[in-house]
Amino acid sequence: MKFNKFILGGMLILAAVIYLIASSTQASAEYFMTVDELKEDGANAYGKSLRLSGAVIGNTIQYDPQTLTLTFEIAHVTGDNKEIEAMGGLAEALYQAVNDPSRQRVTIVYVGPKPDLLRNEAQAIVTGKLDENGVFQAEELLLKCPTRYEEAVPEQASEN
Amino acid sequence: MFAEFGYGVLLVSFIVTVYSGIAAVYGAMNKSASLVESARRAQLLTFPLITISALALIYLLVNNHFEVAFVYEVTSRSMPTYLKVTAWWGGQAGSLVFWSWLLAVFTSAVTLRKWDRDIEFLPWVIVVSSITLAFFLGMVVFYENPFTRFWLSNGNVVPGMFPPSAAATIFTPQDGQGLNPLLRHPGMIIHPPMLYLGFVSYVIPYAFAMAALITGRTDDRWTRITRRWSLWAWLFLSFGLVLGGRWAYDVLGWGGYWGWDPVEIAAFMPWLTGTAFLHSVMIQEKRGMLKHWNMILIILTYALVIFGTFLTRSGVLSSVHAFANSPIGPFFMGFVSLSLIASVALLIKRWPELRSETEMKSMLSREALFLLNNLLFMSILVVCFWGVIFPLISELFTGQKVTVGPPFYERATGPLFAGLLFLMAIAPLSAWGHSTVKTLGRALWKSFAAASIVTVVLIATYTQNVYAVIGFFLIALVLFATLHEFWRGARARQKAQGENFFSALANLMGRNRRRYGGYIIHISMALMAIGILGIEIFQKETQGTLSSGEELNIAGYTVQYRELASWDDRGAGVNYTRAIVDVYENGIYLGQLTPRIDYYFDSQQNMTIPGQRSTFKDDLYILLVDWQPVSTIGATFKIYVNPLVNWLWIGSILFLFGVIFAAWPENDPADEPARRKVTRDNRQASAAD
């Protein structure tokens, strides 16, 4: 009898936690996509909460300090780590993406301060929604500049 | 020369560690005291060995030996010496050495303790810590060697410990890349060591737990010996987390302190199990219950510590997929899995011997509420873990990678944290063994009434936001109930001993350090919760581009732009751009703030330092976002007002005090017989009623 009381209490807590996790997951799920996947998805992608990653193309970065509007393009980078590994690492994959004009690109618009890490060949992970004009309206902007061991090999030219 | 020397010593310490583990196993199996003693000495030897190797690394760092790849990666000529030293833990290879060194410090300290009463634990504690140390040293020696150098071979620069070909010569770059400027902040200099201290200290209680399982000495001896260890471990881990938050707030320039990033969660998860352990271990000591549970918690904490060490230092981490990118990732996952399997197998073997001595009877008894507290901590852990692995799961089942962001964590953990606050208010008032709604109500009603009054006032004057109201009510309840406990205890002692109130309070606290230290920690948690609610719910922001004399208004503040200056400091390798703004509140001049942007030439990176004005009421947090280089007339600002956030930092200082108070050595309580404590505590609790 007493034992059951605790089992019941435990079950209630368990149910509550499962509910919390399930409902919160549903409410805040963001679909991870690459630029290619986004283009493929077409009209389906409009309005969905998305998390898009790609390589920042340096010469497309525009910033209007009056309105704090940041605009730039990102190029497709594969989401598959094995492929990235095969290309010689993330930094190399980003480099290839930026310098390959045949890659699909998406324009990102973000309103806010210009992040310090935004530069050519950075990996951008943007959270937001695609609007009807095919422009990605980002609410959050995350940047990674990979500095990996392989690239840590200095340029030979720096030798005296 | 120093590189070969450092590497050689590292290699020797790896061999010594492996020997120590093997000798300890054989010694324990064959009951050979001399072999165990030999293992113990080998264990002690690892500390000076790793220290020497670390000193060699520091020598290389400080003296600009850029031919060493690690030195090249994390230092540059323009960095001051102290930063070159702290660059030791600024990269993966170095921080693994640092981790190993800390572990050697702790295991040496442990092996030097008086072992007479627990001599059967000794070999197994050595085994567990040796295996852990050998794993980390092995990673360093074979995969992440900080002494790797650059070689010029056939016109190519290649990294390697030894010359790749006979003709190869050492290649020395002119200057290093320099430590990421974001990491050159005082908070970031002490944040990793604190976190690591916390991580590493948890190896010791785990080692004792495993020793208890292996030897079959399954009483609460192991928890008594390691009680203070786990308290210090918890202190360091907690403080490491807080420092990380403060660093983010001061340096990252997004007006926040915590972003539910996988790396942060990786450090947070062992804290959750560690905190649960801290509470449930008390139940084992006082009531002889939850023995299985404590084992599970310490095993989990250990596994999460190893996992966290790896995750926080694996470099690129945009998703959980990233750890496949690191060459040492699979080894870490393998080590975590193996230690989990071995620990759980041991636990299952000893399962019947760990049965509870008492049965849990009342739902409102102290032990039941502690158990509930543990369940809530575990639930938060499950939420965090789910959030981190969700992309993997969804990809596995739907083929689509779906991720969850901060809103997920906030929504799912919010009610759980609220539950913890509520427990924090009521659990200290409940009695061991048996409590009813009536007894609990009698102890709580005054605090409940006081908290209700505060809440009504808040609703009338400050906020009608439902989450904030619930949060503030719970916080007020914790504060009143806990302060009331101090009051009641001191009053009871005052009457019994005829002391004046303050010496009664001081004596009461001094004699029950753990209990009152715990209460101080609860108060500090409530204060931190005020800060968290403030910034999470009431944060305001505005932004705009101003020319000189123009102003922005936000939440009663007026920020007026004065001027901007930009200059180079060639010696430090930094360009500073600093704006000066005047700040008014409701028309009254408060002073100037100087938000700035530092540009580091060596790493070509900006660092945005906010201008902050901090009060108990709120923080004014001004970021210089952009400026016009030509005219220096216009500058763009982003301004946050973060209400109450200061209480987060005030609370964390009080927290530090509370833990030190609780952990401060008194006459060794480990030597007191277990159950006498219970009766003494009961008497005091009833005296306090």
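The model is predicted, so local features need pLDDT of at least 70 and side-chain atom pairs count only at pLDDT 80 or more, whereas totals for chains, interfaces and linings use all residues. Residues are numbered from 1 along each chain as its sequence is written, chains are lettered from A and ligands numbered from 1 in the order in which they are written, and side-chain values use heavy atoms, with hydrogens and water left out.

**Overall form**

- Chain B has 20 helices and 14 strands; these are DSSP runs numbered from the N terminus, with helices (H or I) of at least four residues and strands (E) of at least two.
- Along the principal axes, the C-alpha atoms of chain B fill a box of roughly 80 × 75 × 60 Å.
- Of the 689 residues of chain B, 60% count as buried (buried means under 20% relative accessible area, exposed over 50%, and partly exposed in between, with a 1.4 Å probe and protein chains only).

**Sheet containing S13 and S14**

- The order S5-S14-S13-S12 (chain B) describes an open sheet of four strands with antiparallel pairing.
- Its edge strands are S5 (540–546) and S12 (611–614) of chain B, each of which pairs on one side only.
- Leu620(B) stands opposite Val641(B) in S14(B).

**Strand S8 and its partners**

- Strand S8 (residues 574–585) of chain B is mostly covered, with ten of its twelve residues buried.
- Strand S7 (residues 557–569) of chain B runs antiparallel to S8(B) and is joined to it by twelve bridges; Thr558(B) has Tyr584(B) as its bridge partner in S8(B).
- S7(B) and S8(B) form a hairpin with four residues between them, and Gly573(B) in the turn has a positive phi of about 70°.
- The hairpin of S8(B) and S9(B) has two residues between the strands, and Asn586(B) in the turn has a positive phi of about 50°.
- S8(B) also pairs in the antiparallel sense with strand S10 (residues 596–600) of chain B over five bridges; the bridge partner of Arg578(B) in S10(B) is Arg596(B).

**Loop residues with positive phi**

- Lys31(B), which is not a glycine, has a positive phi of about 50°; it is found in the loop between H1 and helix H2 (33–62) of chain B.
- Lys31(B) is exposed, with a relative accessible area of 75%.
- Leu290(B), also not a glycine, has a positive phi of about 60° and lies in the loop between helix H10 (262–287) and helix H11 (291–312) of chain B.
- Leu290(B) is buried, with a relative accessible area of 13%.

Technical notes:
Two strands pair if DSSP finds at least two bridges between them.
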